[in-house]
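User: I am new to reading protein models. Could you take me through a few features, step by step?
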Amino acid sequence: DYSRQPSRFRGDRNKEVEQHAVDSGLEWVSLRPTVFVTNFFGMWAPQIKAGDVVSGPYAEASTAPIADRDISAVAVHALLSDELLGQRVPLTGPQALTNTELVDVIGTFLGRRLRYQEVPPDLVRQRFIDLGFSAAFADAYMGLLEATVSKPALVTHEIEKILGRPAQSFGDAVAAHRGLFTD
């Protein structure tokens, strides 16, 4: 659903590129990762460095963030074997967590009591616009989050099926990048 794909409003045309590959007659694999763990590092690390509160919309919205290393490992597997040829592979992290739970995980690994403070979506939308993002991007981002308030984010377990090991947890990713959250 384009209305919940913020990246489309920043120029990504993943669907069109994927269709071009499918129609090309060449061998292809389409990796479809969900929200990247590193998105939270960029959005939340400055807030955590400044205090114990992370502000954002929809405290109960959930995601199943995927670590960059897992996406890369599946890409390497796709390049070195024919196992995934002709497949669209949805990649997620191992667990859907709400924004509140994600902040709690970060706090646990930092040894700090952190809190997620829900702010009105309209305020966050305006912050995006003030930072130079389009209104359509902001609306899509808010829609993406709102859709998971009452229905947990999809978890696929494809990382484990393909690589024979579990996907990196959000907590393990935080532990590996702890320095991003401290001075």
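Analyst: We will look at a helix, then aromatic pairs, then salt bridges. Keep in mind that this is a predicted model.

User: Which residues of α6 are buried?

Analyst: Buried means under 20% relative accessible area. In α6 the buried residues are Phe137, Ala138, Ala140, Tyr141, Met142, Gly143 and Leu145.

User: What do the buried residues of α6 pack against?

Analyst: They pack against two helices, α2 (37-50) and α5 (121-130).

User: Now the rings. How many aromatic pairs does the structure hold?

Analyst: It holds eight aromatic pairs. Take Phe128 and Phe133 as one of them. Their centres are 5.4 Å apart, with 90° between the planes. That pair is edge-to-face.

User: Are Phe128 and Phe133 buried or partly exposed?

Analyst: Phe128 is buried, with a relative accessible area of 13%. Phe133 has 24%, so Phe133 is partly exposed.

User: How do the rings of Phe128 and Tyr141 sit?

Analyst: Read the angle between the planes. An angle over 60 degrees counts as edge-to-face. The planes of Phe128 and Tyr141 are at 65°, so this pair is edge-to-face. The ring centres are 5.1 Å apart. The pair also links distant parts of the chain. Phe128 is in helix α5 and Tyr141 in helix α6, 13 residues apart. Tyr141 counts as buried, at 17% relative accessibility.

User: Which residues form one aromatic cluster?

Analyst: Phe40, Trp44, Tyr116 and Phe170 form one cluster.

User: On to charges. What is the idea behind a salt bridge?

Analyst: Side chains of opposite charge can pair when their charged atoms come close. In this structure the count comes to five salt bridges.

User: Which salt bridges does Asp70 form, and how far apart are the closest N and O atoms?

Analyst: Asp70 pairs with Arg69, with the closest N and O atoms 3.7 Å apart. Asp70 is buried, at 0% relative accessible area. Arg69 is partly exposed, at 47%. Asp70 also pairs with Arg165, where the closest N and O atoms are 2.8 Å apart.

User: Why does the pair of Arg165 and Asp70 tie together parts that are apart in sequence?

Analyst: Look at where each residue lies. Arg165 is in the loop between α7 (158-163) and α8 (170-176), and Asp70 is in helix α3 (residues 68-80), so the pair ties together parts 95 residues apart in sequence. Arg165 is partly exposed, with a relative accessible area of 27%.

User: What separates Glu158 and Lys161 in helix α7?

Analyst: They are three residues apart, so about one helical turn separates Glu158 and Lys161. The two form a salt bridge, with the closest N and O atoms 3.2 Å apart. Lys161 is exposed, at 58% relative accessible area.

User: Which residues do salt bridges with shared partners join into one network?

Analyst: That network is made of Arg69, Asp70 and Arg165.

Conventions: Residues numbered from 1 in each chain as written. Predicted model: local features only at pLDDT ≥ 70, side-chain atom pairs only at ≥ 80, totals over all residues. Heavy atoms only, no water. Buried < 20%, exposed > 50% of the residue type's maximum accessible area, 1.4 Å probe, protein only. Helix = DSSP H or I, 4+ residues; strand = E, 2+ residues; numbered from the N terminus. Contact = heavy atoms within 4.5 Å. Phe/Tyr/Trp six-rings, centres within 6.5 Å; stacked < 30°, edge-to-face > 60°. Salt bridge = Lys/Arg side-chain N within 4 Å of Asp/Glu carboxyl O.
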